[in-house]
Amino acid sequence: MSSPNLKRGADHLAGPAVDSKKPKGNGSITSFFGAPKSKAPGPGPVKSPAGAAASPVFNKQKWVATLSAEQKELLDLEINTMHESWLAHLKDEIVKPEFLALKRFLQKEKQSGTKIFPPEDDIYSWSRYTPLHKVKVVIIGQDPYHNHNQAHGLAFSTRPPTPAPPSLANIYLGIKNDYPSFQVPPNKGGLLTPWAERGVLLLNTCLTVRAHQAASHSNKGWERLTQKAIDVVARARTRGVVFLAWGTPAGKRITSINRDRHCILQSVHPSPLSAHRGFLKNQHFKKCNEWLSERYGPDEIIDWSLVPNNETSTAPLAVVQNSSAVVNRLDQVEKVTKPTAATTDTERLSKSALEDNEFGEDLDALEALAAAEESSKF
């Protein structure tokens, strides 16, 4: 049984909250962006700058009363740990025979003594860190990390002190190419809870995995639920959000999304096997903020920084002026031929990402290799 009293934001991982600050013209990336202020949701439907009402009026207790005894047993985790803003929209999906079959499978895995990651209470942490009414950006991942002290329910993110895996190291490189002031967390940390709390939904398409067996829970039913979650975002966030789809599998998840309403940014995967074929300079983090600024204003862009109170960094490339993002164009950046400190740092981090695969069997790398082999057939 899972605990019904989990904190929505899993504060034991995220650390103390940082007060919001208004952007400053020559400040650091942290002071420039500043986490947007938020208010606790009230009893009724919640409205936010990035969309209309996040969920219909949902009486959780009344809904639970309609479930059979078996359904209550199988769905105990969803009832007690999924944020209600998501449960209101996914409640019909999780009572379907396909999802109940998945829960019976997971129940047998647990009863047999099989170790499953992430820890049970973290499977739906993405829903608690990023309630539906706060979603501004969606980053689509694949399979959870399958070794100890790694996965905790957020795509690409790792628990401290586990360092960032190669794909996340390349994501850091992409941010640094867009914002030279970006600093990699101490000890190459990979905890991305600050992003999740700022409205970046970090959603894997499969939510569990057997210990040390990559993709062992794929095609068991999770993909249907997470596709439903993606579709809920596309439908409920009526003013639009940004979808970041990296790699072929992620690209397939957003094919039906309305591109007039939402911003879709696609590229190769950040895996070491594919990142240098376009990911590192795709400018997705800058383009994401440019779109958010134009749609909602400069106060609604994402602070990508992960190092608090970083006063030594230089001003980021993107600046906000007159409620729109003015971004240094890539062709202007490429005219600079003399190596800079940021470039040197980027090259060093890239080499580290390629040579230091902390996780041994990197599923992200395997995905990229499979995609490359598939494309070579044509």
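**Reading the structure**

Tutor: Exposed means over 50% relative accessible area, buried means under 20%, and partly exposed lies in between (1.4 Å probe, protein chains only). This is a predicted model: local features need pLDDT of at least 70, side-chain atom pairs count only at pLDDT 80 or more, and totals for chains, interfaces and linings use all residues. Residues are numbered from 1 along each chain as its sequence is written, and side-chain values use heavy atoms, with hydrogens and water left out.

Student: How many helices and strands does the protein have?

Tutor: Helices (H or I, at least four residues) and strands (E, at least two) are DSSP runs, numbered from the N terminus. Here there are 16 helices and 8 strands. Of the 378 residues in the protein, 54% are buried.

Student: Which residue does UniProt list for "active site"?

Tutor: Treat such records with care: UniProt positions are given in the numbering used here, feature names are shortened, and annotations may be inferred rather than shown by experiment. The unreviewed UniProt entry lists Asp143. Asp143 lies in the loop between β2 (137-141) and α9 (166-178).

Student: Is Asp143 buried or exposed?

Tutor: Asp143 is buried, because its relative accessible area is 10%.

Student: What lies 2.7 Å from a polar atom of the Asp143 side chain?

Tutor: The backbone nitrogen of Ala215 does.

Student: How do I read strand pairing around β5?

Tutor: Two strands pair if DSSP finds at least two bridges between them. β5 and strand β6 (residues 263-267) pair in the parallel sense over 5 bridges. In β6, Ile264 is the bridge partner of Phe243. From β5 the chain crosses through helix α12 (residues 248-253) to β6, and this β-α-β crossover is right-handed. Right-handed means that, with the strands pointing away from the viewer, the path from the first strand over the helix to the second runs clockwise. β2 and β5 also run parallel, joined by 3 bridges. There Val137 stands opposite Val242.

Student: Why is β5 largely enclosed by the rest of the structure?

Tutor: Strand β5 (residues 242-246) is largely enclosed because 5 of its 5 residues are buried. Val242, Leu244 and Trp246 point one way, while Phe243 and Ala245 point the other.

Student: And what is a nonpolar core?

Tutor: In soluble globular proteins, nonpolar side chains tend to be buried together. A nonpolar core is a set of buried Ala, Val, Leu, Ile, Met, Phe, Trp, Tyr and Cys residues joined through side-chain atoms within 4.5 Å. The largest one here has 83 residues, and those touching the most other members are Trp86, Tyr124, Trp126, Trp222, Phe243 and Trp304. Helix α11 (residues 222-236) gives the largest share of this core, 8 residues.

Student: Which residues is Trp222 in contact with?

Tutor: Contact means heavy atoms within 4.5 Å. Leaving aside neighbours within four places in sequence, the contacts of Trp222 include Phe99, Leu102, Tyr124 and His217.

Student: Where are the cis peptide bonds?

Tutor: One joins Phe117 and Pro118, with omega about -5°. Another joins Pro160 and Pro161, with omega about 5°. Pro161 is in the loop between β2 and α9.

Notes: A polar contact is a pair of N or O atoms within 3.5 Å; within protein, one must be able to donate a hydrogen and the other to accept it, and residues adjacent in sequence count only if both atoms are side-chain atoms.
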